[in-house]
Amino acid sequence: MKTYSAKPTDVVRKWYVLDAAEIPLGRLASNAAQMLMGKQKPMFTHHIDVGDFVIVINADNLKVTGDKQLKKTYYRHTGYPGGIKDTKLQDMDNLKVIHKAIRGMIPANKLRDERLKRLKIYLDDQHKHEAQKPQKITLKDKA
């Protein structure tokens, strides 16, 4: 029996819609990252990009648990001495927060930029990808 390795010509990409108002940020990001990488597919191969397109809607209604809205801090450095900058979650744009969370859950390799190009994030429930007939995935909390 031979081990199957996907080829780029074998990849069929589907479109999925995730609602950011249904589930917390971490669960949204991990599910979106898995879909972008194609981990749910039986043909998944680490070195071939077999992932799907992901549309995230209702980014304005982003849910976070606990005190993260007030206490979570994002850091960046300018490259100069003493150049550390910090920004609270409540001060950041929700589009950037979702993109940053999903980007952090995708492995840092040569495929990450191509995978992130297939991520579309919208503030409300309107998006311009109806022609692709995206499938809505509901990931409601069980708690």
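1. Residue pairing. Trp15 stands opposite Phe53 in S2. The two strands concerned, S1 (residues 15–19) and S2 (residues 53–57), pair in the parallel sense over five bridges; two strands are taken to pair if DSSP finds at least two bridges between them. Helices (H or I, at least four residues) and strands (E, at least two) are DSSP runs, numbered from the N terminus.

2. Basis of the model. This is a predicted model, in which local features need pLDDT of at least 70 and side-chain atom pairs count only at pLDDT 80 or more, while totals for chains, interfaces and linings use all residues. Residues are numbered from 1 along each chain as its sequence is written, and side-chain values use heavy atoms, with hydrogens and water left out.

3. The sheet. Four strands form an open sheet in the order S5-S2-S1-S6, with parallel pairing. Strands S5 (119–121) and S6 (135–137) stand at the edges with a single partner strand each, so one side of each has no neighbour in the sheet. From one strand to the next, the twist averages 25°.

4. The helices. Helix H1 (residues 25–37) packs on the sheet and touches S1, S2, S5 and S6; its direction makes about 175° with that of S1. Helix H3 (residues 94–104) lies across S2 and S5 and runs at about 155° to S5. Contact means heavy atoms within 4.5 Å; axes are lines fitted to C-alpha atoms, for helices over the stretch in contact, and angles run from 0 to 180 degrees between N-to-C directions.

5. The largest pocket. Its space amounts to about 160 Å³. Strand S3 (73–77), strand S4 (84–88) and H3 each supply at least two residues of its lining, and the largest share, three residues, comes from S3. A pocket is an open set of points on a 1 Å grid over the protein atoms alone, where a 1.4 Å probe fits, with protein on both sides within 12 Å along at least five of seven lines; lining residues have an atom within 4 Å of a point.

6. Two residues. Asn94, found in helix H3, is buried, with a relative accessible area of 18%. Lys133 lies in the loop between S5 and S6 and is exposed, at a relative accessible area of 70%. Buried means under 20% and exposed over 50% relative accessible area (1.4 Å probe, protein chains only).

Technical notes. Points joined across faces, edges and corners; volume = space filled by probe spheres on them.
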